[in-house]
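Visitor: I would like to learn how to read this model feature by feature. Please begin with the terms and then go to the cases.

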Amino acid sequence: SGGDSIYGGKFNDEKLALKIKHDAAGLVGMANSGKNSNTSQFYITFGPAPKLDGRHVVFGRVVEGMDVVERLDAEVGTGGGTPAVPAIIADCGQSA
């Protein structure tokens, strides 16, 4: 899943980050296709998602702009998880 990471291909899970629970809206995690297969895809939770615990690395949370995330979900989200139309995030800044 996903394209190459900034490390060039797949990279390993961070063991401590696998212990973080998906217990709230606004968590940012790495999508993967199995153990140690992280690439360039990520997701944002819209509520608790315990089925992801221990399988996907949580590496951040939305601290500002959750209203924009919710608008994206309302306008392009589907029940199956595949966007109804492409949603592009651009000029979003860089994490410090």
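Guide: A residue counts as buried under 20% relative accessible area, as exposed over 50%, and as partly exposed in between, with a 1.4 Å probe and protein chains only as cover. Proline 86 has 75% relative accessibility, so it counts as exposed. The model is predicted: local features need pLDDT of at least 70, side-chain atom pairs count only at pLDDT 80 or more, and totals for chains, interfaces and linings use all residues. Residues are numbered from 1 along each chain as its sequence is written, and side-chain values use heavy atoms, with hydrogens and water left out.

Visitor: Where is the place of proline 86?

Guide: Helices (H or I, at least four residues) and strands (E, at least two) are DSSP runs, numbered from the N terminus. Proline 86 sits in the segment after α2 (66–76). Its C-alpha is 7.7 Å from that of valine 76, at a sequence separation of ten residues.

Visitor: What pattern does the protein chain follow along the sequence?

Guide: The order is α-β-β-β-α, that is, two helices and three strands. Of the 96 residues in the protein chain, 27% are buried. Accessible areas come from the Shrake-Rupley method with a 1.4 Å probe, and for residues only the protein chains shown count as cover. The accessible surface of the protein chain is about 7,100 Å², with 54% of this belonging to carbon and sulfur atoms.

Visitor: Which strands pair with β1, and in which sense?

Guide: Two strands pair if DSSP finds at least two bridges between them. β1 and β2 are antiparallel, with four bridges, and β1 and β3 are antiparallel, with three bridges. Glycine 29 stands opposite tyrosine 43 in β2 and opposite valine 58 in β3. Valine 28 has isoleucine 44 as its bridge partner in β2.

Visitor: Why is strand β1 largely enclosed?

Guide: Strand β1 covers residues 25–30, and five of its six residues are buried, so the rest of the structure largely encloses it.

Visitor: How should I read contacts, and what does histidine 22 touch?

Guide: Contact means heavy atoms within 4.5 Å. Among contacts in the protein chain between residues at least 6 apart in sequence, 58% join residues at least 24 apart. Histidine 22 lies in the loop between α1 (15–18) and β1. With a relative accessible area of 2%, histidine 22 is buried. Not counting residues up to four places away in sequence, histidine 22 touches residues including Leu27, Tyr43, Asp53, His56 and Val58.

Visitor: Which side chain does histidine 22 join in a polar contact?

Guide: A polar contact is a pair of N or O atoms within 3.5 Å; within protein, one must be able to donate a hydrogen and the other to accept it, and residues adjacent in sequence count only if both atoms are side-chain atoms. The side chains of histidine 22 and tyrosine 43 make such a contact at 2.6 Å.

Visitor: Is histidine 56 buried or exposed?

Guide: Histidine 56 counts as buried, because its relative accessibility is 11%. It is placed in the loop between β2 (42–46) and β3. The histidine 56 side chain reaches the backbone oxygen of methionine 30 at 3.2 Å. Leaving aside neighbours within four places in sequence, histidine 56 is in contact with Leu18, His22, Met30, Ala31, Asn32 and Tyr43.

Visitor: What does phenylalanine 59 contact?

Guide: Phenylalanine 59 lies in strand β3 (residues 58–61). Leaving aside neighbours within four places in sequence, its contacts are Val28, Gly29, Met30 and Phe42. The C-alpha atoms of phenylalanine 59 and methionine 30 are 7.5 Å apart, with the two residues 29 apart in sequence.

Visitor: Which residues form the nonpolar patch on the surface?

Guide: Patches are made of residues with over 30% relative accessible area and no salt bridge; like charges are joined within 9 Å, and nonpolar side chains (Val, Leu, Ile, Met, Phe, Trp, Tyr) within 5 Å. Here Phe42, Phe59, Val68, Leu72 and Ile89 form a nonpolar patch, together giving about 490 Å² of accessible area.

Visitor: How many salt bridges does the structure hold?

Guide: Side chains of opposite charge can pair when their charged atoms come close. A salt bridge is a side-chain nitrogen of Lys or Arg within 4 Å of a carboxyl oxygen of Asp or Glu. The structure holds one, between the side chains of glutamate 75 and arginine 71, at 2.8 Å from N to O. Glutamate 75 and arginine 71 are four residues apart in helix α2, so about one helical turn separates them. Both glutamate 75 and arginine 71 are exposed.
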